[in-house]
Amino acid sequence: MPPFSGAASLLPTERGPLPPVAQQIVVDLLRRIADSHYAPGDPIPSAARLSAMYDAPLAAVNEARRRLIADGVLAIRPGVGTIVAVPAVDDDGAEEEMEKARKRLDEQIAFLRRALEDPDTGVRWDPHAGQS
């Protein structure tokens, strides 16, 4: 069972809505990153492993990963796989960009926390989802 039930369309985005299962994966991966389960530079599980963790089709996992890559949350590293993005430090505007990204993530986290605290959203957290 995915860790969120009814979390579709919770995460605001400029790229259009995601399918509900992909949205649930995005929400959970963002939560895990925010909770420091995955730090910048850390690899995330493979698509096959995420598919098993969330009991979701590979297509939904890949859609979620594509969205997080497009949003700059994840990056692909040859020979390593998909990792939590590491901000560029040699760019003159890196600090400003990092602050913007941090504010966007803080806004998304606050939005998700409010949704989780509001019983009317239909979001139900399963703390055992994804654990083997």
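The buried residues of α4 pack against α1 (20-34), where helices are DSSP runs of H or I with at least four residues, strands are runs of E with at least two, and both are numbered from the N terminus. Here buried means under 20% relative accessible area, exposed over 50% and partly exposed in between, with a 1.4 Å probe and protein chains only. This is a predicted model, in which local features need pLDDT of at least 70 and side-chain atom pairs count only at pLDDT 80 or more, while totals for chains, interfaces and linings use all residues. Residues are numbered from 1 along each chain as its sequence is written, and side-chain values use heavy atoms, with hydrogens and water left out.

**The two packed helices**

- Helix α4 spans residues 94-117, and its 24 residues reach 34 Å from the first C-alpha to the last, close to the 34 Å expected at 1.5 Å a residue; the expected span is 1.5 Å times one less than the number of residues in the helix.
- The residues of α4 that are buried are A94, Q108, I109, L112 and A115.
- Helix α1 has 15 residues and reaches 21 Å from its first C-alpha to its last, close to the 21 Å expected at 1.5 Å a residue.
- Because eleven of the 15 residues of α1 are buried, this helix is largely enclosed by the rest of the structure.
- The buried residues of α1 include Q23, Q24, D28 and R32, together with A22, I25, V26, V27, L29, L30 and I33.
- After α1 comes S36, which has a positive phi, near 65 degrees.

- Leaving aside residues up to four places away in sequence, L29 touches Y38, L50, Y54 and L68, a contact being heavy atoms within 4.5 Å.

**The whole protein**

- The protein has four helices and four strands, and from the N terminus on its elements run β-α-α-α-β-β-α-β.
- Of its 132 residues, 35% count as buried.
- Among contacts between residues at least 6 apart in sequence, 60% join residues at least 24 apart.
- The accessible surface, from the Shrake-Rupley method with a 1.4 Å probe, comes to about 7,800 Å², of which 54% belongs to carbon and sulfur atoms.
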